[in-house]
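Good morning, everyone. Please bring up the model on your screens. I will go through surface patches, then rings.

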Amino acid sequence: MTAITGKYDILVVGSGHAAVEAALAGARLGHSVAIVTLNPENVAGMPCNPAVGGPGKAQIVSEIDALGGEMALATDHATIELRVLNASKGPAVQSLRAQVDKKAYAAHMKRALGDAGVTLLGGMVVDIPVSSGAVRGVVLGNGDYIAASRVILCTGVYLESRIIIGDVVKESGPLGEPAAKGLSDALRRLGIALGRFKTGTSPRIAADSVRWEELKKESGAPYPLAFSFLSKPRVYNNDVCYSTYTNERTHEIIRANLHRSPLFDGTIRGTGPRYCPSIEDKVYRFPERERHQIFLEMEARDSDEVYILGLSTSLPVDVQVEVVRSLPGLKEARIVKPGYAIEYDRILSQQLKPSLEVVGIEGLYSAGQINGTSGYEEAAAQGLMAGINAALSLEGKPPVILERSQAYIGVLIDDLVSNVIDEPYRMLTSRCEYRLMLRQQNADQRLTPLGREIGLVSDARWRVFEEKRAKLEKGRELLGKKTGGVEVRERLKAPDTRLEDFLGEIPELALLPEDVRAEIEIEAKYSGFIERQEREAKRLQRYAGKRIPPGFDPSEVPGLSREARDKLRRYAPATIGRALEVGVSPQDALILLAYMKNRGSGGAQGDE
Amino acid sequence: MKMKDDTIAAIATPPGTGGISIVRVSGPDALKIAGQAVRLRSGKPLASLKPWAARLASVVDARGAQVDEALVVVMKSPRSYTGEDVVEIQCHGGRLVSEKVLALLLEAGARPAEPGEFTRRAFLSGRITLEEAEAVLELVEAPTEYSLSQAAKRLRGELGQRVREWEESLYSALAAYQAGIDFPEDVDPGLERATREIERVHREIAALLERAPLGLALVNGIEVCLVGPPNAGKSSLFNALLSAERAIVTEVPGTTRDVLRERTEWNGLPVILLDTAGLRETSDIVEMIGVERAEKAASESEVIVYVVDGAVGLTGADRSWIEKWRKEGRRLLVVVSKADVSPRKAEEEELRKLTHGSFVLASAKTGEGLEEIKTKVTGWFSRGGEMDLLVPGSARQVDCLRRASSSLGEALSAQAEGWTEDVVVICLEEALRALSELTGKNVSEETLEQIFSRFCVGK
């Protein structure tokens, strides 16, 4: 039919954060990889706020780094301000957040792709040929056919996307990019069910139109920090973040124009995220709030554009101008790019395996916002795992599936494939039950050995890891020393005792690097709680891992509630643990366990 | 209904409860298996019996010899306790006979039931949830009117209602913490209010748990063991406290040799009263075994009633037994018997010191002190007059509440000791997970729901 115009091991559709990690992982594992994207100039862009990290997300970035991904390195390269969130709230939830120069970030990623030998192709994918249940490549809008036995879809918010600003609706991707047309239909032809989500962003204003002196300057951390375990920690001080508040006047303008908001007049049908409400939504839902905090973030070190965090909106442009100008310091602000809402198609993620391969289509993977997530970090993590698993499958190896008790990435993907996602999914620390075990700072100890086994961890990274591991072991040994007849390890369990208190008595401790000291201190201080989480993880593993036989018919089990039957039929969870996660009640799970045990005694069913 | 289960059998009555014991067979082959061991007097096959009608039958062994005479009741699926075909054989006499009947059923192809397996099958059979199953189980076995009303309350889910209220308060507290953690830049979580909520729920669960011994007593009955020197009048008291002539009473010391158990009811609470052989050194081998059993019964019961012979007064042996059990922290009541005839040789002053006031002067003959004994014993469980308050029933419910309470205690002390918020949150989540075993909610989803409905968060 069409001539083959290229052939690769792995083909990645899209060039955002998921695509970049997927392509890099595939290429670094020794496979030929191409990216097909609408605009090859637009790589790893940040159409929303120019920031990486935050609670839950920072942990993901460190995990990507520990496995040998690129995001943390790109962030450290492009950071213009860095702070620690939740510093006083404990090691489980402490998280870095970096404001980055988005141009520098994209440039770093583009360079990395080139270094890894990834081919960048321009074009719009309109079809995905499948034969004998396996993917064969992609067909572009111009008729070109590129062959590949592994295709990773990372289309972000571009599938049949439309942008909405007030009463203006147009088919478009973010920031003036075209929408991806036709691929949604191709996916439906393959039997893949799609849903529609909505998200949005804030207006950008011209930097020279802001009266900075009327705003509060937000400074970064005064001590050196870095995202990557390979980077040298640094202090940043670039005057790039300012804050202010909305006021009664702002809220009046919004209230007076609510009827012109597409959110309220029914134009927007897609489901938006609860954690990322538009300013009109906030004013409407929390009328008692007198003000909402707003941050102004420079989009690059010498940017002429400023991102307004907290002012996501799809109100008409004239209202946006009024709203922005009601804020302190912004009386004369010029909007360069208005805020907008965007609607897009996404794959219902329970159609994916935990490897991110689409159930029933061998070699087709999907990662990132197309799976219903939100955020650069969540996308990058999925891209990395899809890239790794596509590469491993080419080598005939089993996929890498991270456990919930092993990594935030494990929580993310497990939630995606086993739950109904009914709003764009953002990682939050509260989603992770083992957060005291899954700290940002121990991501390397948790995952770098696995990354090494996969083949993504370079010799240089491995050396750094091994050195730190040796120092950690040394440090743990030193904590066994006694002061005042009691081991330091025990004394640290008092909440107000600090490791620093013992540096005088055990001078070897002072020789250890600060990050190592912080780690062993946390391990000792929180050991009681950490051990409890570990026990709980093991306990759950015992029954959660129990297999539900494929093709199992819930109507055979007497006593199950109707909801449980519906859920079991709808999501066909593979294990009791997944059944619990799709919302089967513990009581029903017990009945299920008892039923399977009885079947087991008849020899019909064993567990793994 | 498809049931692929095999057929199980077990003795359904608690061990030692004299009179009649019930052996229960449940499963698809219940009729066939029971039919091999049971011959109806009418000569008809077991399957022809009308469901729920009791018929006289012989239990016979493999050679056809009669083992016992029994009443047989057939319950057909699904209208039975387990939802399966069930045959109940009510046999005479003690443990030995019922064990023999059970052995015959096992020979005929039944499998011994695991602990709780009848109950599990009951809720596997449909209709009822776990909490309801527990309540139903109690209804079936409920020994007194008061237990019945408690079981009925739970069936309507009043405990569930309380638990759901606590759950709601705790989710709102957890959401306050978690909103501050996940959205540090936009939220003032109001943690003081959250702490007050946690304290309140902790207090309320603790108050309910205070009554847990009562709840368990209502379900299982309180075991009260009469012990003391020979001829102290234990058996007379036993009969008087039961209002029945159950134990043989003679003037001969050492008459009671085995442990006697009887169910009764004191102040609305089910009681299992135990009479035992007198504690003394003996060369009689049968009596010696009796004494050993008396000690064992005392050590396993919930309440020890130590009977001092009022005619003799406190002996050295009395003192050392009383001191031993007091030291072990047992619920111990000392009764000085024969108050009608004795010149009260047992000095009250010494008794008061020895027992910390936990003693009663009683007479089986005049009835003096009997009500006081009952009130003192039940008082340990009912804590004085709160009998109509809600009490948690099954051991599982008590266990869930206890774990929730202890996690809440940890959350509060973690906060007071200055631990970081992540630890407080983890303790709160543990408490909610324990409660969710009673209500079946997903902790993470509920928290998010609360955060987004209560706090204005997000960029």
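First, a definition: patches are made of residues with over 30% relative accessible area and no salt bridge, where like charges are joined within 9 Å and nonpolar side chains (Val, Leu, Ile, Met, Phe, Trp, Tyr) within 5 Å. A salt bridge is a side-chain nitrogen of Lys or Arg within 4 Å of a carboxyl oxygen of Asp or Glu. Accessible areas come from the Shrake-Rupley method with a 1.4 Å probe, and for residues only the protein chains shown count as cover.

A word on the source. This is a predicted model, where local features need pLDDT of at least 70, side-chain atom pairs count only at pLDDT 80 or more, and totals for chains, interfaces and linings use all residues. Residues are numbered from 1 along each chain as its sequence is written, chains are lettered from A and ligands numbered from 1 in the order written, and side-chain values use heavy atoms, without hydrogens and water.

Now the patch. B:I285, B:V286, B:M288 and B:I289 make a nonpolar surface patch of about 340 Å². B:V286 belongs to helix α10 (residues 285-300) of chain B. Helices (H or I, at least four residues) and strands (E, at least two) are DSSP runs, numbered from the N terminus. B:V286 is partly exposed, at 44% relative accessibility. The scale: buried is under 20% relative accessible area, exposed over 50%, partly exposed in between (1.4 Å probe, protein chains only).

Chain B as a whole has 16 helices and 13 strands. Of its 459 residues, 53% count as buried.

On to rings. How many aromatic pairs does the structure hold over all chains? Six. Rings of Phe, Tyr and Trp (its six-membered ring) pair if their centres lie within 6.5 Å; planes under 30 degrees apart are stacked, over 60 edge-to-face, the rest tilted.

A:W212 and A:Y242 form a tilted pair, 4.8 Å centre to centre with 50° between the planes. This pair links distant parts of the chain, 30 residues apart. A:W212 sits in the loop between β15 (204-206) and β16 (216-217), and A:Y242 in strand β17 (residues 241-245). A:W212 is partly exposed at 22%, while A:Y242 is buried at 11%.

Why is the pair of B:W321 and B:W325 stacked? Because the ring centres are 5.0 Å apart and the planes are at 25°. Both lie in helix α11 (residues 316-327) of chain B, four residues apart, about one turn of the helix. B:W325 is buried, at 1% relative accessible area.

Last, a cluster: ring pairs link A:Y526, A:F529 and B:W419.
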